[in-house]
Amino acid sequence: MDVTTVVDSLRHRVQELEALNAKLSSQLAVCHCHQQQDKTEVSSVSSDNLVEKSGKSSFQSKNTTKEKLKGKLPGYDTRIMNHHSKRYVALKVMYFGQRFYGFAAEAQMDPTIESEIFKALEKTRLLIGDKKESHYSRCGRTDKGVSAVGQVIALYLRSNLKEACEISEDPSNQEQYDACLFPSEGEIDYVRVLNRVLPDDIRVFGWYPVPLGFSARFSCLSREYYYLFWGENLNFLAMETAGRKFVGEHDFRNFCKMDALNVHNYRRKITSFAMSPCDVRFEGNQLWAFKIKGSAFLWHQVRCMVAVLLLIGQGHESPDVIDALLDTDRIPRKPQYGMAPEIPLVLQSCEFEGLKFICSSDARQALRIHLAHECRNYHLQAAIFNEALQCCFPVEKGAEDQRSLDNGTMKKKSSHVPLMSRPTEPSYEERRAKLNTRACRLKSL
């Protein structure tokens with residue numbers, strides 16, 4: 001059986017099991033809710049009032065211990081929250097990744113985007129249970145320094161609906177399905193509530209109710225990244241010719257950081273590649289962007305692709321090197337080369353069937369004001385750096401001509417070792433053999 005077919009079959013089975021698990025957990029939560037309804041008295045304070053009061057000292061007890069504060073907000077009782085009505089929703093998230101150690105919180109480094117989001121969910125009392133009980137999933141696990149304007153996550157959140165609203169993938173009751181799928185009057189404004197407490201470099205752009213079988217990772221149809229770069233002294237025609245060679249389904253093991261322990265299929269499909277100028281200039285140098293869209297990406301794949309494209313644009317490599325590196329029968333070992341920097345990389349969008357994210361007019365206006373304020377702040381910072389540049393290195397008459405010489409042919413080029421002549425990393429087969437040997441050695445102990 002073809003490897004791709006096996007992977008697709010396993011992926012489909014994982015989605016089925018996740019949907020079944022979510023359905024059973026939801027039924028269990030509803031059951032517990034009915035059993036303890038007479039025992040537990042929950043305040044009828046509205047959701048917005050809860051959020052507004054969440055930051056006040058009324059939630060903090062004088063006798064609160066350090067153990068109670070560790071890992072959770074004072075007064076946040078997940079046992080009580082488990083008996084609130086809940087809704088399975090997808091959130092569209094934007095973040096500026098420069099100060100974060102990546103998106104995922106599993107790396108044990110802080111801060112991460114994920115850890116900040118869950119802090120906000122706890123502070124606003126929107127989180128139902130813990131992370132596992134919320135059936136959390138994310139579309140892309142962006143690395144340290146990488147930003148996004150279209151990241152998507154999915155999880156259970158507290159709802160204003162009187163009963164738990166579960167959307168099956170094949171609903172028999174169309175009226176119930178429509179009532180759950182589309183926002184009801186009086187539902188929590190998730191965008192406005194979360195954005196009040198999130199840090200300035202993270203914002204929720206919208207939300208949408210999704211069925212139980214939905215996974216932000218496996219239900220995604222495509223992901224699109226863009227990578228910003230300065231276009232001075234680059235051969236755009238050669239770069240565009242090389243970039244088009246990526247389109248289609250290929251083995252990208254020579255364009256990623258290989259994880260032979262967990263990843264065994266390195267074939268990925270790129271559906272489109274484009275490069276275009278941006279409306280930004282600095283000292284006559286124009287900002288450009290690569291836009292790369294595909295069904296899924298390997299670890300550091302985009303940054304490796306960009307690194308080779310920039311070598312081609314600088315005249316160090318021929319566009320034909322892309323063909324050579326994609327031919328893994330001919331080149332089974334990746335040549336050693338550095339990745340492109342992480343800061344200019346942005347996850348632009350994640351595409352899903354039928355998702356139309358909702359944002360209230362109030363939340364949208366607050367978002368516009370906040371983002372405009374952040375843009376002005378960054379422009380002010382850029383102006384300060386530019387002023388420092390002018391003070392330290394004033395531009396004198398004739399300096400423009402000298403600068404052109406410095407950046408052009410008169411500047412001594414650093415020596416470049418062709419990719420095909422460089423030392424190589426171990427192949428996938430060699431990595432697997434090493435892992436198997438290590439496993440056998442440990443088993444014999």
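Student: Let's start with L91. Leaving aside its neighbours within four places in sequence, which residues is L91 in contact with?

Tutor: L91 is in contact with Q151, V152, I153, L155, L157, L194, V204, G206, W207 and F357, once the neighbours within four places in sequence are set aside. Bear in mind that this is a predicted model.

Student: How should I read a nonpolar core, and which residues have the most contacts inside the largest one?

Tutor: The general idea is that nonpolar side chains tend to be buried together in soluble globular proteins. Here, the largest nonpolar core has 89 residues, and L91, F255 and F290 are those with the most contacts inside it. Helix α9, residues 301-313, gives the most to this core, with 10 residues.

Student: Next, helix burial. How many of the residues of α5 are buried?

Tutor: Start with the general idea: an α-helix has 3.6 residues a turn, so residues three or four places apart point the same way. For α5 (113-123), nine of the 11 residues are buried, so the helix is largely enclosed by the rest of the structure. The buried ones are I113, E114, S115, E116, I117, F118, A120, L121 and E122.

Student: What do the buried residues of α5 pack against?

Tutor: They pack against β1, β2, β3, α7 (190-195) and β4 (202-209).

Student: Now the backbone. Which residue just after α5 takes a positive phi?

Tutor: As a rule, most residues other than glycine have a negative phi, and most peptide bonds are trans. Just after α5, R125 takes a positive phi of about 60°, although R125 is not a glycine. Its place is the loop between α5 and β2 (137-138).

Student: Is R125 buried or exposed?

Tutor: Buried: the cut-off is under 20% relative accessible area, and R125 has 5% relative accessibility. N233 sits in the loop between β5 and α8 (236-244). With 55% relative accessibility, N233 counts as exposed, the cut-off for that being over 50%.

Student: And where is the cis peptide bond?

Tutor: It joins D110 and P111, with omega at about 10°. P111 belongs to the loop between β1 and α5.

Student: On to strand pairing. In which sense do β3 and β9 pair, parallel or antiparallel?

Tutor: To read a pairing, look at its direction and at the bridges that make it. β3 and β9 (residues 345-351) pair in the parallel sense, over two bridges. S147 has V346 as its bridge partner in β9. β5 is joined to β9 by six bridges, and those two strands run antiparallel. Look for Y225, which stands opposite L347 in β9.

Student: How many cavities of 30 Å³ or more are there?

Tutor: A cavity is space where a 1.4 Å probe fits but cannot get out. The count is two cavities of 30 Å³ or more. The largest cavity holds about 50 Å³ of space. Its lining consists of R253, N254, C256, M258, P332, R333, K334, E425, P426, S427 and R431. By class, that lining divides into four nonpolar, two polar and five charged residues.

Student: What lines the second largest cavity?

Tutor: Its volume is about 30 Å³, and L91, V93, I117, A120, L194, L198 and V204 line it. The elements giving two or more residues to that lining are β1 and α5. Its class make-up is seven nonpolar, no polar and no charged residues. We've come back to L91 here, one of the residues with the most contacts inside the largest nonpolar core.

Conventions
Residues are numbered from 1 along each chain as its sequence is written. This is a predicted model: local features need pLDDT of at least 70, side-chain atom pairs count only at pLDDT 80 or more; totals for chains, interfaces and linings use all residues. Side-chain values use heavy atoms; hydrogens and water are left out. Helices (H or I, at least four residues) and strands (E, at least two) are DSSP runs, numbered from the N terminus. Buried means under 20% relative accessible area, exposed over 50%, partly exposed in between (1.4 Å probe, protein chains only). Contact means heavy atoms within 4.5 Å. Two strands pair if DSSP finds at least two bridges between them. A nonpolar core is a set of buried Ala, Val, Leu, Ile, Met, Phe, Trp, Tyr and Cys residues joined through side-chain atoms within 4.5 Å. On a 1 Å grid over the protein atoms alone, a cavity is a set of points where a 1.4 Å probe fits but cannot get out, and a pocket is an open set with protein on both sides within 12 Å along at least five of seven lines; lining residues have an atom within 4 Å of a point. Grid points are joined across faces, edges and corners, and a volume is the space filled by probe spheres set on the points. Ala, Val, Leu, Ile, Met, Phe, Trp, Tyr, Cys and Pro count as nonpolar, Asp, Glu, Lys and Arg as charged, and the others, Gly among them, as polar.
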